[in-house]
Amino acid sequence: MNTQQRRAQHINAILPPAQGWQNDASAFAPSNIALCKYWGKRDALLNLPLNASLSISLGDLGTHTQLTAAAADSVSLNGQQLGSDSRFYQKVFDFIDYFRRDLPVKIAVATTNTIPTAAGLASSASGFAALVLACNDFFDLNLDHATLSALARFGSGSAARSLAHGFVQWDIGTRADGWDSFAHVLPIRWEALHIGIVAIDSHRKKINSTEGMTRTLATSTLFQKWQQVAAADLKRIRQAIEAQDLTALGTAAEHNAMTMHATMLSAWPPLCYWQPTTLLAMQQVWQLREAGVAVYFTIDAGANLKLLFEPAARDAIVSTFPQIQIITPFNREPNHARY
Ligand code: PMV
């Protein structure tokens, strides 16, 4: 049995078969940025994390997905039809087939990202979150949030955190079958919190996160320590969010990102997702801080920086990073996502 078949078997064991389908269904899910990172799997087949993570969703930046009953299966991405041999097409239908199983329906999938490609943000989290929400409606499944989050995880780990707006925490869970590893929203709004995206490189990363995690876990002597650090950072981040304390949040989030990257740098062969300009941007952030501007960064398995700040720092940040894209996750119209 291949991975897809083993995952399908695992999902079939708890998910009752769909009884029918709608003509169409659509959903939106926001992209998210981890403040406490998920890095390392305790189970690669089930995509279960070794550490809990916490993210902030990016409001209107995310993925819209529409499923329509059709004469044949098809996938369009940002308005372009994809060949059935493309990796994206296959991943989408592998996922849909967890729900469709033997039902005699063909589906046209239309998916559009509102994340500008140049921002270099991963769209897999919002993509699989929007897909699981659309499948839930299309196949009339009425699944609860926890189950939807646990299912999104099979597309991409961080997708488990993309079903909701605001701060979202994904717990490790204790069950071997992983059905208690899902994300929940923290009932906290932080209106003044700003996220700035400093785009450095929009190219697809050469080593994807799964491969990066596997290599780090197998070869980095810092990996064990990372797990302890992540647990401590999560606590600090939770407290900082509750207190709406930017210094505490920024310090813990930047520390968390740098510690994750330290495990990557100490892997063999070394994993470095940074470009020379990434380091330059980090130094600019540190210089701003030395000059009294409250700004912190986080960085995922890529070259782009995401800044955390409040309105008082905005002008100084925009003049240092004129190309920055600013998002105010809590200061927006009521959202499209339902959870
Ligand atoms: O969801 P994945 O498998 O692409 O992994 C995400 C890994 C990081 O973005 C580096 C961290 C995170 O928690 O999002």
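I take helices and strands as DSSP runs, numbered from the N terminus. The model I am working from is predicted.

**Entry 1: Thr 114**

I started with the stretch between β7 (106-113) and α3 (124-138). Thr 114 sits in that loop. Is Thr 114 buried, partly exposed or exposed? I find a relative accessibility of 32%.

Next I looked for partners of Thr 114 beyond four places in sequence. Thr 114 touches Phe 28, Asp 60, Leu 61, Gly 62 and His 64. Two of these contacts I followed down to atoms. The Thr 114 side chain lies 2.7 Å from the backbone oxygen of Asp 60. The side chain of Thr 114 also reaches the backbone nitrogen of Gly 62, again at 2.7 Å.

**Entry 2: Thr 263**

I moved on to another threonine. Thr 263 belongs to helix α7, residues 246-265. Its relative accessible area is 1%. Buried means under 20%, so Thr 263 is buried.

**Entry 3: cysteines**

Cys 36 is buried, at 0% relative accessible area. Cys 135 is buried as well, and its value is also 0%. How many disulfides does the structure hold? I count zero. For the record, a disulfide is a covalent bond that joins the sulfur atoms of two cysteines.

**Entry 4: the ligand**

Last, I went to the ligand. There are 13 residues around it, and the nearest are Tyr 38, Ser 156, Ser 158, Arg 161 and Ser 209. I sorted this shell by type: six residues are nonpolar, four polar and three charged.

Which atoms face the ligand's oxygens?

- Ser 158: a side-chain N or O atom is 2.6 Å from an oxygen atom of the ligand.
- Ser 209: a side-chain N or O atom is 2.9 Å from a ligand oxygen atom.
- Gly 157: here a backbone N or O atom lies 3.4 Å from an oxygen atom of the ligand.

I then checked how far the protein covers the ligand. Taken alone, the ligand exposes 380 Å². The protein buries 90% of that area.

Key: Residues numbered from 1 in each chain as written. Predicted model: local features only at pLDDT ≥ 70, side-chain atom pairs only at ≥ 80, totals over all residues. Heavy atoms only, no water. Near = heavy atom within 4 Å. Polar contact = N/O pair within 3.5 Å; in protein donor to acceptor, adjacent residues only side chain to side chain. Areas by Shrake-Rupley, 256 points an atom, 1.4 Å probe, with all protein chains shown as cover. Nonpolar A, V, L, I, M, F, W, Y, C, P; charged D, E, K, R; others polar. Disulfide = S-S within 2.5 Å. Buried < 20%, exposed > 50% of the residue type's maximum accessible area, 1.4 Å probe, protein only. Helix = DSSP H or I, 4+ residues; strand = E, 2+ residues; numbered from the N terminus. Contact = heavy atoms within 4.5 Å.
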